[in-house]
Amino acid sequence: MRPQLDRDLARRIRLVGLDVDGVMTDGGIYIGAVDGAPLELKRYDIQDGVGIHFLKSAGLKVVIITGRVSESVRIRARELGVDDLVQDAGARKLPAFRRILEREGVRADEAAFLGDDFPDMGVLRVVGLPVAVGNAVPEVKAAATLVLHAHGGRGAVREFCELLLQARGEWESVCERYVAERSIDLPEAGQ
């Protein structure tokens, strides 16, 4: 059975925070070197990215907080147009999240956070909507109000976006707006 979200809780959410490794990715990291320079690669789910676009289209703030520093994450965050990105090699996510909430003028009970492992627990314990992806450790699932079926990097972010926007009554309008924006025939450059 598909998880459900309380409509009032969903409507209260103004900001969505995302972990990266194990949430936006499957948690695997490819590490190597090219011409002596270190290189790290991660796999992201493209449908998750469309879901993030839908959240932003509905007026929600989207932020990424990760316990690793990675050029891959910086590139993906820029592509997605997220409102804030914090990469803290010490995985001090809660202080970073609190600073973001303060800057954005959002209370913790007006925020959701998607996590999968112990570095996410501090944030999950304070937000109004703590969410665990399907591959989360048991302790994170126990701390979550919502446990998704999909695993990180395999559609979990998209599943959450759909559930949240459906509960808010915004899913159909956001989808239709997206399709309409991409159905306009624009003149080619130079014409």
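Colleague: In which strand is the place of L129?

Modeller: L129 sits in strand β7, residues 129-132. Helices (H or I, at least four residues) and strands (E, at least two) are DSSP runs, numbered from the N terminus.

Colleague: What kind of model is this, and how are residues numbered?

Modeller: This is a predicted model, with residues numbered from 1 along each chain as its sequence is written; local features need pLDDT of at least 70, side-chain atom pairs count only at pLDDT 80 or more, and totals for chains, interfaces and linings use all residues. Side-chain values use heavy atoms, with hydrogens and water left out.

Colleague: Is L129 buried or exposed?

Modeller: Start with the cut-offs. Buried means under 20% relative accessible area, exposed over 50%, partly exposed in between (1.4 Å probe, protein chains only). L129 has 0% relative accessibility, so it counts as buried.

Colleague: What is L129 in contact with, beyond its neighbours within four places in sequence?

Modeller: Contact means heavy atoms within 4.5 Å. Leaving those neighbours aside, L129 is in contact with L5, L9, I13, A111, A112, F113, T145, L146, F160 and L164.

Colleague: How many residues does the largest nonpolar core have?

Modeller: A nonpolar core is a set of buried Ala, Val, Leu, Ile, Met, Phe, Trp, Tyr and Cys residues joined through side-chain atoms within 4.5 Å. The largest one here has 60 residues. F97, L129, F160 and L164 have the most contacts inside it. Helix α7 gives the largest share of this core, eight residues.

Colleague: What does F97 touch?

Modeller: Not counting residues up to four places away in sequence, F97 touches L15, G17, V63, I65, A111, A112, F113, V123 and V127.

Colleague: Turn to helices. Why do residues three or four places apart point the same way?

Modeller: Now take α8, residues 171-181. Its buried residues are W171, V174 and C175. Seen down the helix axis, the buried residues of α8 fall within an arc of 100°, so they line one face. The arc is that of the directions from the helix axis to the C-beta atoms.

Colleague: Which exposed residues does the face of α8 turned away from its buried side carry?

Modeller: That face carries E172 and E176. On the buried side, the cover includes α2 (46-57) and α7 (156-167).

Colleague: How many aromatic pairs does the structure hold?

Modeller: Rings of Phe, Tyr and Trp (its six-membered ring) pair if their centres lie within 6.5 Å; planes under 30 degrees apart count as stacked, over 60 as edge-to-face and the rest as tilted. The structure holds three such pairs. In one of them, the ring centres of F54 and W171 are 5.4 Å apart and the planes stand at 75°, so the pair is edge-to-face. F54 lies in helix α2 and W171 in helix α8, so the pair ties together parts that are 117 residues apart in sequence. For F54 and Y178, the ring centres are 5.2 Å apart and the planes at 80°, so this pair too is edge-to-face. That pair links F54 in α2 to Y178 in α8, 124 residues apart. F54, W171 and Y178 form one aromatic cluster.

Colleague: Where does K42 lie?

Modeller: K42 is in the loop between β3 (37-41) and α2. At 11% relative accessibility, K42 counts as buried.

Colleague: Which side chains are joined to that of K42 by a polar contact?

Modeller: A polar contact is a pair of N or O atoms within 3.5 Å; within protein, one must be able to donate a hydrogen and the other to accept it, and residues adjacent in sequence count only if both atoms are side-chain atoms. The K42 side chain has a polar contact of 2.6 Å with that of D21. Another, of 3.2 Å, joins the side chains of K42 and E40.

Colleague: How many disulfides does a search of the whole structure find?

Modeller: A disulfide is a pair of cysteine sulfur atoms within 2.5 Å. The search finds zero. For C161, the nearest cysteine sulfur is that of C175, 11 Å away.
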